[in-house]
Each structure stands twice: as structure tokens, then as C-alpha cells.
Amino acid sequence: MNADLNMTYVTLGGHVEIHRYRYLYFVIMLTAYILLICFNVSIICLIVIHKNLHEPMYIFIAALLLNSLLFSTNIHPKLLVDFLSDKQIVSYQACLFQVFMFYFLSSSEFLLLSAMAYDRYVSICKPLQYPAIMTTTTVSLLLCFAWLVPACYVVVPIALNINSKLCSFTLKGIFCNNSLNKLLCVTSNELSIYGVIVLLNLVLLPMLFILFTYTKIIIIAFQSCGDIRRKAVQTCLPHLLVLMNYSVLITYDVVIVKLESDFPKTARFVMTLQIITYNPLCNPIIYGLKMKEISKHLKRLLRHMK
């Protein structure tokens, strides 16, 4: 507690051997952050520039990559500063904001993937009705829904905890997440139940919808000709790979909060660095390599650069 500024600070106690390896950590994570910015921005710019990519599927991909970019920017800059600092601290208010952005953007990923699954379902299963269903208005509404609904859900516990009193000031992590609740003097059972409802509505239900949608697509694709099957594989496989990546992220976050005291500190530190870097770094690679139209424009761009 800083009496002069009347501000509460939280210590991020999840770092391992930071005084010995601070520069190694910094170089690795800075390199990863620069690469993920370049990869994501490149794909987003290709989609914006080329008119033949102004289709719902590619618009959703651009939105997903933008979401990943914001997710990384919420964590990496502060992490890089902490690596070079003598004390890894953050104000309680800034920590709450990071928690809000972390869960808001994580939840948005699942809703964006749900919108992409619906788009693929209509495209493959109802091709004649596709132009009438997936209009510009529909795409805009789906994007607004994917960002506004999680924001409204996640802001509730954040707003209620703004003035909560802390009885502990050391967070067992390298960034702020749901573990922050363990520092509170009084925890609310109502908020715990609300958290389960949020997890159900923003993660589990979208996952079930995505799995149901792709199951329908696979059934129809294998009952159709080879072209339909090829289209289904080319457009759906990247989405499923990205879904698995985000599922691992959310599963890890839930498990690490529940088993915080039993999980080895070094293993938690290494896994956290991998998880927060792996998804934003690999997603543009997956779409750049697996989506035929994006891959074509990307190869053309690389030839021009050479």
C-alpha cells in the first residue's frame, strides 16, 4: 500500500530467477511479440487491401487476428517492462483492467469462432441461400455480438471488485487473471456462481455450437462430391486448429487458478509464457498456410519483398 498516492499495489510473484535471466526472458518475449505483430498485421492488411478477400469468412478471420493482437498487447508490454524492473508490481486498478481485457478478449475468441462456424455451415450446407443469409448486416451484427456480449458479462465482477479490500498483495502469476480473487479479504459466493454462468455461456456453449456445426458440415460433406469435401477440409480445418488452441488456453487458465498452490512455480511460469505466446503467433501462420486465397496473396507479397 502506497500511503502517499493512496494506491494499492499487487506484486506479481510468478516470475522465476528473473534477476539471473531477465535479459534472456526479455529478448525471447520481445522477439515473439514483434513476430506476432508482424504476422497478424500482415494477414489483416492483406484482407483489407484485396477486394476478393472482402467476404464474411475472411472478415471474421481479420477480426479474430485483431482480437489476438489486442490480447497480446494486453499482456506482453507489461511483461517486458517487468523483466527489466527490480520489482514486478502493478496497481490494483491496472490489474483489474488487465483481468477485464484478458477474459473479455478470450471470450470474444470463442464467439468469433462460433460466427465463423456458422458462416461455414451456411456456405457448405446451404450454398444457394448463402448470399441472402450472410449479408453485410448479418456479419456486422455477429461481430458486434462477439465483442459486446463478453464485455457486458465480464465488466460486472470487475466493477463490483473495484473497491474491494485486499488482505494479500502477492499474486502467484506473471500477469493478472482470476487468481486476483484469492487476494480479496471477502469473496462473494454470488460472484463465484456468476463466474460459472459466464464460463458456461461464453465458452462451453459456443464450443458445443461449433462442434455441432462442424459435425453437420462433415456429415454433409462426406455425402457430397469431392469438391464439397475439399472445400470443407480447406476452410474448416484451420478453424478447428485455432479452436483447439484457445480451448487449451482456457483449460490451462481454469486449472492453474484451481491448483495454484499445488502447481510447481517453474512449470507454471514456462507454461504461461508458452500459452500466451503460442496462440497469437500460430493463428496467422495457420490461416496463412491453410487458407488458399490468403496463402496466394501472402506468397505474392513475399516475392515482391525479395
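**Entry 1: helices α1 and α8.** I began with this pair and noted that α1 passes α8 in a left-handed crossing. The model I am reading is a predicted one.

I then looked up the geometry of the two elements. The axes of α1, residues 18–49, and α8, residues 265–290, come within 9 Å of each other and cross at roughly 25°. Angles under 35 degrees count as roughly parallel, and I therefore record α1 and α8 as roughly parallel to each other.

Next I listed the residues that make the contact. From α1 I find Y25, M29, A32, L35, L36, F39, N40 and I43. From α8 I find F269, L273, T277, P280, L281, P284, I285 and G288.

Entry 2: I turned to the strands and traced an open sheet of three, in the order β2-β1-β3, with mixed pairing. At the edges I place β2 (89–91) and β3 (170–171), each of which pairs on one side only.

I checked the pairing of β1 with β3. Strand β1 covers residues 9–12 and pairs with β3 in the parallel sense over two bridges. In this pairing I see L12 of the model opposite L171 in β3.

**Entry 3: the helix on the sheet.** I looked for what packs on the sheet and noted helix α3, residues 92–125, which touches β1 and β2. I recorded the direction of α3 as making about 90° with that of β2.

Technical notes. Residues are numbered from 1 along each chain as its sequence is written. This is a predicted model: local features need pLDDT of at least 70, side-chain atom pairs count only at pLDDT 80 or more; totals for chains, interfaces and linings use all residues. Side-chain values use heavy atoms; hydrogens and water are left out. Two strands pair if DSSP finds at least two bridges between them. Helices (H or I, at least four residues) and strands (E, at least two) are DSSP runs, numbered from the N terminus. Contact means heavy atoms within 4.5 Å. Axes are lines fitted to C-alpha atoms, for helices over the stretch in contact, and angles run from 0 to 180 degrees between N-to-C directions. Angles under 35 degrees count as roughly parallel, over 145 as roughly antiparallel, 65 to 115 as roughly perpendicular and the rest as oblique. A crossing is left-handed if the near helix is turned anticlockwise from the far one by less than a right angle, and right-handed if clockwise.
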